[in-house]
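Reader: Could you take me through one part of this model closely, starting with the contacts made by aromatic rings and then moving to the strands beside them? I would be glad of the cut-offs along the way.

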Amino acid sequence: MESSQSTALCHVFFAERQADKVPAVERDTPRRPVAKVAVIGAGTMGGGIAMNFANAGIPVVLLEVKREALDRGLAQIRKNYEISIQRGKLSRRVAEQRLALIDGTLDYADLADADLVIEAVFESMDIKRQVFGTLDKVCKPGAILATNTSTLNVDEIAAVTQRPQDVIGLHFFSPANVMRLLEVVRGEATAPEVLATALGLAKKIGKVAVVSGVCFGFIGNRMLEPYAREAHRLVLEGATPAQVDRVLTELGLAMGVLSMYDLAGIDVGYLVRESRRDAISHDPSYCKLADELYGMGRYGQKTGRGFYLYEGRQQKEDPEVIAIAERLAAELDIPRREISDQEIHDRCLFVLINEGLLLLEEGIALRSGDIDLVWINGYGFPAWLGGPMHYGEQLGLDRVLASICHYREQLGAYGEMWFQPAPLLERLASDGRTRIEAV
């Protein structure tokens, strides 16, 4: 009962109960009725989102622009339910009841009576703005219009409508019918009753909802950026992908960051970087190895080659990746050396924690516990460590600060570029604080 694991799990327990306490959303804030949901996009994400609502007994209409894509999406949903039946998790009768709640359409007019519409199309601002412009014309007054974007500006998407107060971000994590996390992104104009309705729905479909403000990547993916950046850079400096991932999995993470990129798709990460080259172009080494793998068509598990080689799901180290890293390091004038496990731990984890402190200071995240819930439920951070922010508290905020300052000096120009302590971290450590909170 007095162990660090017990303390961490108690922290997570209370964090979940605090997460839906949001400024401007009171107990008596009206909730809008949601009797029918529409999902735009029948891909892996859209289909998974649709299943959440069907599982909760809410009818769903799934929209696609082409018949082949719609049929493929509906077939995948049926396959997902068949797998659950085969594993004994669901009876065939219940599965058929849920399937009967999901209809497909190619016509936006069939969305006219939906109470909630969730867009889950390609991660492109132009495409999403086009979709929301159409929704603004066809959806009934009071319908909630949600985007599943993982990185894009919700306020920009809302601006194409005449009803920005009805627009919200609902960022599901893949696979959406399995992952517990739902980032609820509150836009500048999002009405309190829309936010309250989203939080209530999250509970109904069995999600852990965490409210985020608007910024690139919201809470989870914004923190993923420096965490992944350091993992990539460490391979250029002399670590191997397997060493980096081993340090993280031995800590308790479900998956190392480079293995995660292979699973999600190196091409997906590349397209995200392409959308923000202006913000990262000052660092010529930024995820350079991943860019190189993308150019070679090594997209990860789906192509059988990424940071690793794959035979089915079996992962093997690839000497060619090390050779590529050595070549890139020479071209970029990055000295290669032996990297310790401790350095991998500190550089990956402490920039992750530091970014969380920036999110708190900016008001994007409301509480450090909210950040921990995002990383436990969306990224596989071990609950028995309490999430990255609680973990930082247990290690000591003075240690986190000292390490960031150390690498800022040791890594030269690269350190000056990326290892800037969050002002909140400096204040907390200076005051001898042991808990992360806005001061």
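Author: Happy to! Let me start where a charge meets a ring: the charged end of R233 sits over the ring of Y414, 3.9 Å from the ring centre. Here, a charge sits over a ring if NZ of Lys or CZ of Arg is within 6 Å of the ring centre and within 35 degrees of the ring normal. R276 likewise lies over the face of F216, at 4.1 Å from the ring centre.

A word on the basis: this is a predicted model, in which local features need pLDDT of at least 70 and side-chain atom pairs count only at pLDDT 80 or more, while totals for chains, interfaces and linings use all residues. Residues are numbered from 1 along each chain as its sequence is written, and side-chain values use heavy atoms, with hydrogens and water left out.

The structure holds 9 aromatic pairs; rings of Phe, Tyr and Trp (its six-membered ring) pair if their centres lie within 6.5 Å, and planes under 30 degrees apart count as stacked, over 60 as edge-to-face and the rest as tilted. F173 and Y379 have ring centres 5.5 Å apart and planes at 80°, so this pair is edge-to-face. It links distant parts of the chain, 206 residues apart: F173 is in the loop between β6 (167-172) and β7 (181-185), and Y379 is in helix α16 (residues 368-379). Helices (H or I, at least four residues) and strands (E, at least two) are DSSP runs, numbered from the N terminus. Both F173 and Y379 are buried, meaning under 20% relative accessible area, with exposed over 50% and partly exposed in between (1.4 Å probe, protein chains only).

Y379 also pairs with W375: the ring centres are 4.3 Å apart and the planes at 20°, so these two are stacked. Being 4 residues apart in helix α16, W375 and Y379 are separated by about one helical turn. W375 is buried, as is Y379. Ring pairs link F173, Y227, W375 and Y379 into a cluster.

On to β7, where 5 of its 5 residues are buried. L181, E183 and V185 point one way from the strand, and L182 and V184 the other way. β6 and β7 run antiparallel, joined by 4 bridges; two strands pair if DSSP finds at least two bridges between them. V185 in β7 is the bridge partner of G169. β7 also pairs with strand β8 (residues 208-212), in the parallel sense over 5 bridges, and L182 stands opposite A209 in β8.
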